[in-house]
Amino acid sequence: MAGLNSKERMAIPFVHMPLNPGEKRIHNFDEVPIGYTAEQAMQEARRCIQCKKPGCIGGCPVGINIPAFLELIEEGKFAEAAKKIRETNFLPAACGRVCPQDKQCQAVCVVGKKGDAVGIGNLERFAADWERTHGTFTAPVIPAPTGKRVAVIGSGPAGLTAAYELRMRGHEVVVFEAFHRGGGVMVYGIPRFRLPLEIIDEDIKMLENMGVQFVYDMIIGNVLSLDDLLVNEKFDALFIGTGAGLPKMLGIPGENSNGVYSANEYLTRIYLMQASHFPRYTTPIEQGKRVGVIGAGNTAMDTLRTAKRLGSEVTCYYRRTRDEAPARTEEVEHAEQEFLNWKWLHNPVEIIADANNNVKAIKCEKMKLSDPDSSGRRKPVGTGEFVTDEIDTIVFSLGCDVNPIIPATDKEIRINKWGIVMVDKDTNMTTKEKVFAGGDVVTGGSTVILAMGQAKTAALNMHKYLMGEIKWDISKISTDPNASGIVWEGKNK
Ligand SMILES: Cc1cc2nc3c(=O)[nH]c(=O)nc-3n(C[C@H](O)[C@H](O)[C@H](O)COP(=O)(O)OP(=O)(O)OC[C@H]3O[C@@H](n4cnc5c(N)ncnc54)[C@H](O)[C@@H]3O)c2cc1C
């Protein structure tokens, strides 16, 4: 097949990812996509036309050499394909599952201009799973110690990537994590039916085998300050990767009733604290027969589908229509296959509680969309008509702000008015000497792969700083509280 020309390759039909059927999967937390067989993967990889100037590499925030790994899959060299991905991405099994490829590498795939883009994410997942299940992974070789000690705060994708990159350069690395296990949102937010726990656990085990030390149940800012780490614990540099875990609410009456959760709390209780197995595990979850989820982003889809798996009748409330839902199309489609109720153009205005302050209903104003404004955007406007639905549990799923503890306890760390940690956009240096930052804490709630890309930039510059190759320079960090955090420009650096 190697001799196929571009036209012949583009004529090969897209290989759809096989899925567990909706009626079965709502009764368990098994992964929804089943994964490609070897034959399906080779067939899909054949659709890549090996562009001379591949846009997909620039479209990946960590710059994976996509055409090279696709060619290896086409040739049946699966272990080599995984190795190729690992040159720039040390979490391929996770990224193959949760990256928004439709907005990144696949969005710029030339094949996609006349049909379906090459299934890059599905193939990344295939190669990574092949490596896991066939034991072909080879542990990286760590260079001689540099004598420098670095602390990484937070063990989400940003923290894990920073730890990996710094360890790969010979530094001693200690990761401090507030929770009792590592992985950040990949473990306590993204549901198991999209990202199985064992994948993250294996990646953390790999870091431990590389000599990275993990300290759990340690909230930096509360128990130890940044200065404690720098002065008393004698770390030479710090990386802040504490994410965006501060939930947003609507500020409507009744939000403090019993049975109202933020998505963060709800998902953390279920996935990190195993609340669905209460009383076998000590954390409970109060989930009634009818659950209402407010919002229509990716987190809302995860919350809706999780609540459904716990046996409730589940309804999504969103003030715009399905077309404006911020969730990835695939996430909405998967959710739609799972027998949920959708109340588009419904704006919650009040949570109604009974005499014991337990939620009993949600009141919404029906909305309509305005005519498009100059930017083409249609705003939701109230119609003056209200509806009230009986409900037992409500989960707010409206996004999150940056975790505030560290900036609140160390005034040398500059933040903007939204609480985002300000950094030099080229080096990820913060305004406090020796302290770098990356991930959601510098972008606001974003994605796994962007967090990894940020962390990689930070780690490479930390290394240069530690080795005396660059000096501390924060002259380019904005002092304007309205300045934005780091924004992905659709191309890696
Ligand atoms: C429900 C949900 C679903 C999502 N789905 C997707 C998806 O499908 N695809 C995708 O790409 N992205 C998704 N995201 C977004 C993605 O998970 C985040 O962008 C990413 O995890 C950010 O990584 P991070 O390392 O910056 O932060 P986090 O993953 O938030 O990790 C931060 C870590 O720091 C720890 N921490 C915080 N404060 C302290 C402290 N003071 N001391 C010590 N430790 C601390 C936290 O406990 C946490 O473990 C989702 C997010 C949510 C909430």
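I began with E1 and E4. Four bridges join strand E1 (149-153) to strand E4 (237-240), and the two run parallel. Strands here are DSSP runs of E with at least two residues, helices are runs of H or I with at least four residues, and both are numbered from the N terminus. I count two strands as paired if DSSP finds at least two bridges between them. I looked up one partner: Val 150 of this pair has Ala 237 in E4 as its bridge partner.

A note on the source. This is a predicted model, so I kept to its limits: local features need pLDDT of at least 70, side-chain atom pairs count only at pLDDT 80 or more, and totals for chains, interfaces and linings use all residues. Residues are numbered from 1 along each chain as its sequence is written, and side-chain values use heavy atoms, with hydrogens and water left out.

I followed E4 to its other neighbour. Three bridges join E4 to E15, again running parallel. The whole sheet is open, has five strands in the order E3-E2-E1-E4-E15, and pairs in parallel. E3 and strand E15 (435-437) are the edges; each has a single partner strand, so one side of each lacks a neighbour in the sheet. The twist from one strand to the next averages 20°. Angles run from 0 to 180 degrees between N-to-C directions, with axes as lines fitted to C-alpha atoms, for helices over the stretch in contact.

At the E3 end, I found three parallel bridges between strand E2 (172-176) and E3. Val 175 has Phe 214 in E3 as its bridge partner.

Next I checked what covers E4. Ala 237 and Phe 239 lie on one side, Leu 238 and Ile 240 on the other, and all are buried. Buried means under 20% relative accessible area, exposed over 50%, and partly exposed in between (1.4 Å probe, protein chains only). Helix H18 (448-466) lies across E1, E4 and E15, and runs at about 170° to E4.

**Helix H13 and its surroundings**

I moved to H13, residues 263-272. Seven of its ten residues are buried, so the helix is largely enclosed by the rest of the structure. Among the buried ones I noted Tyr 266, Leu 267 and Ile 270. What do the buried residues of H13 pack against? They pack against helix H10 (185-188), strand E6 (260-262), helix H14 (298-309) and strand E13 (393-396). Contact here means heavy atoms within 4.5 Å. Just after H13, Gln 274 takes a positive phi of about 60°.

E13 pairs in parallel with E6 over three bridges. Val 260 has Ile 394 in E13 as its bridge partner. E13 also pairs in parallel with E7, over four bridges. There, Val 291 stands opposite Thr 393.

I went on from E7 (290-294) to E8. Five bridges join them, and they run parallel. Arg 290 stands opposite Glu 313 in E8. Four of the five residues of E8 (313-317) are buried, so this strand is largely enclosed by the rest of the structure.

**The antiparallel sheet**

I then turned to an open sheet of three strands, ordered E10-E11-E12, with antiparallel pairing. E10 and strand E12 (380-390) are its edge strands, each pairing on one side only. Seven bridges join E10 to E11. Asn 347 stands opposite Glu 365 in E11.

I checked the loop between strand E10 (346-353) and strand E11 (359-369), where Asp 354 lies. Is Asp 354 buried or partly exposed? Asp 354 is partly exposed, with a relative accessible area of 31%. Its C-alpha atom is separated by 9.0 Å from that of Ser 257, 97 residues apart along the chain.

**A surface entry**

Last, I looked at Val 223, in the loop between strand E3 (213-215) and helix H12 (226-232). Val 223 is exposed, with a relative accessible area of 51%.
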